[in-house]
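Please find below a colleague's note on the structure shown here.

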Amino acid sequence: MQSRVFLIPMALAVAITAGCADPPTQQIQEAEKALKEAQESGASTYSPDEYAKLEGTLDTLRKEVSEQDGKFALFRDYGKAQQLSISAKSESERIKVATAQKKEEGKAAALQAQQVAEEAVKAAQQLVAKAPVGKDRAAVEAIKNDVEGLKSLLKQVQDSIDKQDYPAAQTQAKAIHDMSQGVQTEIHNALAKVGRGKPSLSRRP
Amino acid sequence: MLLDRVNRTLTSALCVVCLSGCVQAVPPDLLTALESIDQDMIALRAPETEPEEYGAFVRQWIALKSRVELDDDVIRWPWETSELENELRGLYLRGERTVSQLHDRQANRQRAAQSKVESIEDRLHLMRSHVGSIDGRIVLGERVVQTDLLVKQARIFFEQKDYQRAIQRAEEADQALMHQTALLNQELGRYADGKRIASWQAMAQQTMDWSRTHQSPAIVVSKAERELILYKNGRKVLSYPVRLGFNGIREKQFQGDGATPEGRYRVIDKRGPGQTQFYRALVLDYPNAEDRRRFDLAKKTGHIALGKGIGGLIEIHGVENEYAQQTLGCVMLDNRSMAALFESVPVGTPITIVGALTGQNAVALALSELAHHNRQEI
């Protein structure tokens with residue numbers, strides 16, 4: 001009978017110990033890692049609203065864990081924290097994929113704009129190359145400067161692409177394309193005025 | 001038996017009444033309204049332009065939403081107050097206020113960006129028109145297209161509603177225009193320099209005096225005014241508009257620079273029909289001794305590359321092509337004026353080419369106006 005009385009507190013102790021919940025440390029760490037990875041993938045730039053929500057989920061998760069940690073051991077329940085960390089992880093994966101896709105789209109658009117700009121600058125260069133070299137070159141000397149300028153501006157587009165600043169690269173390329181077309185019109189007008197192909201004597205001022 | 005049935009019926013009825021009296025802790029409409037606040041903020045680009053403000057809203061929104069989704073107490077009695085609902089309502093009100101503030105801020109930013117972009121476009125236009133009027137495009141070199149690119153980018157970003165970047169590019173363009181003005185002042189400041197103008201006036205005066213003393217024609221060319229003046233017996237008898245080199249506003253330094261030389265010259269040859277492609281031509285004795293001395297000094301001091309030549313064949317000539325606006329460094333007149341001038345001057349006639357004859361010359365005025373606009377911007 002006495003030995004049975006001893007069994008009651010022991011059973012209680014076992015029940016209490018078994019009832020104490022542990023925080024889902026590994027899942028929380030994985031969720032934190034997933035947030036970091038999303039940030040490194042460029043999510044804060046390409047999917048800023050979704051990244052902010054992911055940060056919000058992590059914030060809620062941290063608060064939840066800290067709230068449960070503050071409770072008496074027997075009443076701790078990390079179920080919600082577990083669900084939040086699982087959701088954060090899966091959201092992070094989704095955001096990373098969406099970011100990569102947006103980035104690729106941005107890059108593809110920037111590269112296409114760069115190609116169009118390069119072709120326009122090349123066309124302007126070819127036109128300048130056709131310009132007269134004698135006395136009539138005066139008409140296109142100032143324009144030559146612009147074409148040289150446009151050529152060097154193409155480097156800025158590449159710099160922006162290298163920095164993965166695709167929106168800037170796109171606007172630069174578009175502006176260069178427009179300017180190259182303007183220069184081409186100017187060259188055409190200048191050539192029309194000087195009468196392309198007219199023989200000219202060599203001059204040396 | 002009957003009592004038992006009545007008892008069961010009453011219990012069931014009570015349960016039905018109780019359950020139908022229960023309400024959801026959070027009305028679904030409230031959640032939809034908060035979703036819509038979130039979408040409004042995204043549409044206003046708050047995540048990019050106001051990340052802290054959007055972050056604060058989203059943190060609370062996610063925390064409350066997770067309570068809605070994960071908490072068990074989603075059902076309550078009608079007489080119970082829901083703390084969660086109150087917090088959601090509070091967030092909704094704050095969110096509404098934030099959206100309204102963001103709207104105002106966005107409108108202000110749009111106005112600021114619009115004003116900046118329009119202002120920089122106007123300044124670029126002004127710069128172009130002044131630089132074009134004084135043929136200073138070569139002086140600025142590649143800077144012209146670089147600034148043009150910034151202004152165009154500012155406009156594109158503005159149209160994409162990226163006001164922050166639009167303002168940033170407009171400010172960069174603003175700095176670029178200031179540098180251009182500074183460069184123009186550095187290169188062409190002599191046109192506004194009192195001492196230099198006095199020295200040019202003295203050169204022109206000496207040419208007039210020579211004409212009077214020798215009872216002969218003499219020519220003065222003012223580059224800033226783009227004017228050729230013919231003197232006879234010391235008196236101005238005619239003036240003609242002229243076109244200069246494509247870089248004519250600068251002082252000639254070496255062959256091919258497109259600049260028109262400044263100094264005292266003489267007509268050393270007259271070329272009539274069949275002797276020139278430019279209708280008629282008066283050949284100048286450029287380079288003279290003074291030009292050579294200056295050129296040698298510039299080469300010695302490294303201002304001119306060793307491989308460069310001094311150039312020559314500077315003429316006052318007519319036009320071969322009436323559309324040609326510039327020369328390679330010569331002074332060009334329309335053929336009618338050239339015919340008159342050609343008949344009026346013999347070989348040996350002195351020709352003085354100066355930068356400007358007055359302080360209020362076109363270049364000085366353009367520089368002053370550009371500087372004035374820069375000051376206004378500052």
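The note takes up chain A, the interface and the aromatic groups of chain B in turn.

1. The model is predicted, and the remarks below should be read accordingly.

2. Architecture of chain A. Chain A contains 7 helices and 0 strands. Its pattern along the sequence is accordingly written α-α-α-α-α-α-α. Of the contacts in chain A between residues at least 6 apart in sequence, 77% join residues at least 24 apart.

3. Burial and surface of chain A. Chain A has 205 residues, and 43% of them count as buried. The accessible surface of this chain is about 11300 Å². Carbon and sulfur atoms account for 54% of that surface.

4. Extent of the interface. Contacts between the two chains involve 50 residues of chain B and 47 residues of chain A. Together, chain B and chain A bury about 4200 Å², with 62% of this area on carbon and sulfur atoms.

5. Charged contacts across the interface. The rule finds 4 salt bridges between chain B and chain A. B:Arg137 forms a salt bridge with A:Glu186, and their closest N and O atoms are 2.9 Å apart.

6. A tilted aromatic pair. Over all chains, the structure holds 4 aromatic pairs. In one of them, B:Tyr191 and B:Trp200 are tilted, with 5.5 Å centre to centre and 50 degrees between the planes. B:Tyr191 counts as buried because its relative accessibility is 0%. B:Trp200 likewise counts as buried, because its value is 2%.

7. An edge-to-face pair. B:Tyr265 and B:Tyr286 form an edge-to-face aromatic pair, at 6.2 Å centre to centre and 65 degrees between the planes. This pair links distant parts of the chain, its members being 21 residues apart. B:Tyr265 lies in strand β6 (residues 263–271), whereas B:Tyr286 lies in the loop between β7 (281–284) and α10 (289–300). B:Tyr265 has 2% relative accessibility and therefore counts as buried. B:Tyr286 has 7% relative accessibility, so B:Tyr286 counts as buried.

8. A charge over two rings. Over which rings does the charged end of B:Arg280 sit? One is the ring of B:Tyr279, whose centre is 4.2 Å from that charged end. Another is the ring of B:Phe342, for which the distance to the centre is 5.9 Å.

How values were computed:
Residues numbered from 1 in each chain as written. Chains lettered and ligands numbered in written order. Predicted model: local features only at pLDDT ≥ 70, side-chain atom pairs only at ≥ 80, totals over all residues. Heavy atoms only, no water. Phe/Tyr/Trp six-rings, centres within 6.5 Å; stacked < 30°, edge-to-face > 60°. Buried < 20%, exposed > 50% of the residue type's maximum accessible area, 1.4 Å probe, protein only. Helix = DSSP H or I, 4+ residues; strand = E, 2+ residues; numbered from the N terminus. Lys NZ or Arg CZ within 6 Å of the ring centre and 35° of its normal. Contact = heavy atoms within 4.5 Å. Areas by Shrake-Rupley, 256 points an atom, 1.4 Å probe, with all protein chains shown as cover. Buried area = accessible area lost by both parts, 1.4 Å probe. Salt bridge = Lys/Arg side-chain N within 4 Å of Asp/Glu carboxyl O.
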